[in-house]
Structures are given as C-alpha cells and as structure tokens.
Amino acid sequence: NNKNHLVINEEQAGIVRYIFDLSLNGLTCFKIANKLTLENIKTPAQYYNFNWKNNYNMNMGKWHPKTIKDILTNRLYTGDLVQNRRSKVNYKIKKVVYNKECDYIVVPNTHEAIISDELWEKVQTVNKESADKATRNKGRYDNLPKVDNLFGKKLVCADCGRVIKLCRSIST
C-alpha cells in the first residue's frame with residue numbers, strides 16, 4: 001500500500017542469504033556463480049524479465065560473478081539505505097563518477113533487514129582478505145614468456161561459445 005516502503009520478497013531473500021553464507025564459507029564470487037547456475041537458481045534478470053540484446057546470462061540462466069559481487073557489497077540487505085554512491089561532474093555533462101565510501105549518505109534502519117550487520121561485516125572482512133591476497137599475487141607469473149594465442153578465435157567453448165584464452169600460470 002505504501003509505495004515508498006521496501007517489502008522483502010522471501011523467495012529472493014533466501015537466495016541472498018544463501019549467497020552470503022557461501023561467501024562466508026570461503027567461496028569466491030566465481031565459484032558461487034557456478035554453484036547457483038548448477039543448482040538452477042533463477043538470476044535477477046530472470047525474475048524481472050529484463051530483455052537485453054545478446055544477454056546470454058538471462059537466456060541460459062547463468063549467474064555472473066559481477067552479480068554476486070554486487071549482491072555481496074550492497075548494504076541495502078542490512079536494512080540501511082545508501083545514497084550518493086555516484087554523482088555527475090556537472091549537470092551539463094552526462095559523465096558519472098563514483099564517490100568514495102566516506103562520502104556516502106547512509107540512513108540506517110529504513111526497512112526490514114535480510115541479513116544481520118554482523119554477517120555483513122564478516123563477509124566484507126573475508127572479501128577484503130581475498131582481495132588483498134589477489135593483490136599480493138599480482139605479477140607472480142610475469143617471468144613466463146608472453147606468447148599470442150596460437151588458435152586465435154578458432155578454439156571456442158562447446159557450452160557457451162566463448163573463445164578459449166591462453167593463460168600464463170603454473171599449476172601447483
């Protein structure tokens with residue numbers, strides 16, 4: 001009845017809680033996306049019937065790691081309303097810039113929370129540690145020779161049709 005009040009959809013809230021639990025158990029966004037896809041859980045685009053051109057994720061029901069990251073970093077699920085995440089440089093220019101987190105306007109307890117603040121903080125800590133580890137490992141394989149992909153765009157995945165890329169890493 002009140003158009004200015006957020007109401008929780010319990011089916012989708014269960015998926016959000018599941019994603020936070022998986023992240024807390026140490027799964028990366030990529031692994032969570034694969035797990036949700038294998039379990040045939042509907043993507044947000046499928047719930048709202050978004051119709052984008054060339055959106056293979058919606059058509060095939062595949063979760064994308066960026067979607068998982070957006071869910072895990074959205075404070076809306078804690079019951080807080082976050083504003084001023086981005087702004088325009090000038091009203092004449094359409095360029096949008098993302099503001100620093102210290103410039104956000106956070107209004108606590110504007111609606112019912114899906115996850116607790118403690119769970120939110122734990123997941124943010126786990127994700128920060130994972131990001132720090134990835135930063136420390138950056139450039140680890142720079143000593144390997146850089147070569148072009150011998151197969152070019154001829155070698156593609158049989159499932160999704162994407163080009164298989166050459167990766168420079170050593171399996172341990």
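## Report on a predicted protein chain

The secondary structure of the protein chain consists of six helices and four strands. The model is a predicted one. Starting at the N terminus, the elements follow the order α-α-α-α-α-β-β-β-β-α. The protein chain has 172 residues, of which 21% count as buried. Its accessible surface comes to about 13600 Å², and 52% of that area belongs to carbon and sulfur atoms. Among contacts in the protein chain with a separation of 6 or more, 58% are between residues 24 or more positions apart.

In soluble globular proteins, nonpolar side chains tend to be buried together. The largest nonpolar core of this model holds 21 residues, and Ile19, Phe20, Trp63 and Ile68 touch the most other members. Elements that give two or more residues to this core are α1, α2, α5 and α6. The largest share, six residues, is that of α1.

Apart from its neighbours within four places in sequence, Ile68 is in contact with Ile19, Cys29, Ile32, Ala33, Leu36 and Trp63.

### Helix α6

Helix α6 covers residues 117–137.

Which residues of α6 are buried? Leu119, Trp120 and Val123 are buried in this helix. Because they cover an arc of only 100° around the axis, they lie on the same side of α6. The cover over the buried residues of α6 includes α1 and α5. On the other side of α6, the exposed residues are Glu118, Lys128, Glu129, Lys133, Thr135 and Arg136.

| Group in α6 | Residues |
|---|---|
| Buried | Leu119, Trp120, Val123 |
| Exposed, on the other side | Glu118, Lys128, Glu129, Lys133, Thr135, Arg136 |

Just after α6, Gly139 adopts a positive phi of about 80°.

### Ala45 in helix α3

Ala45 belongs to helix α3, which comprises residues 44–48. Is Ala45 buried or exposed? Its relative accessibility is 11%, and a residue is buried when this value is under 20%, so Ala45 counts as buried. Ala45 and Trp63 are 18 residues apart along the chain, and their C-alpha atoms are separated by 9.6 Å. Trp63 is also one of the residues that touch the most other members of the largest nonpolar core.

Definitions and conventions:
Residues are numbered from 1 along each chain as its sequence is written. This is a predicted model: local features need pLDDT of at least 70, side-chain atom pairs count only at pLDDT 80 or more; totals for chains, interfaces and linings use all residues. Side-chain values use heavy atoms; hydrogens and water are left out. The expected span of a helix is 1.5 Å times one less than its number of residues. Buried means under 20% relative accessible area, exposed over 50%, partly exposed in between (1.4 Å probe, protein chains only). The arc is that of the directions from the helix axis to the C-beta atoms. Contact means heavy atoms within 4.5 Å. A nonpolar core is a set of buried Ala, Val, Leu, Ile, Met, Phe, Trp, Tyr and Cys residues joined through side-chain atoms within 4.5 Å. Accessible areas come from the Shrake-Rupley method with a 1.4 Å probe; for residues, only the protein chains shown count as cover.
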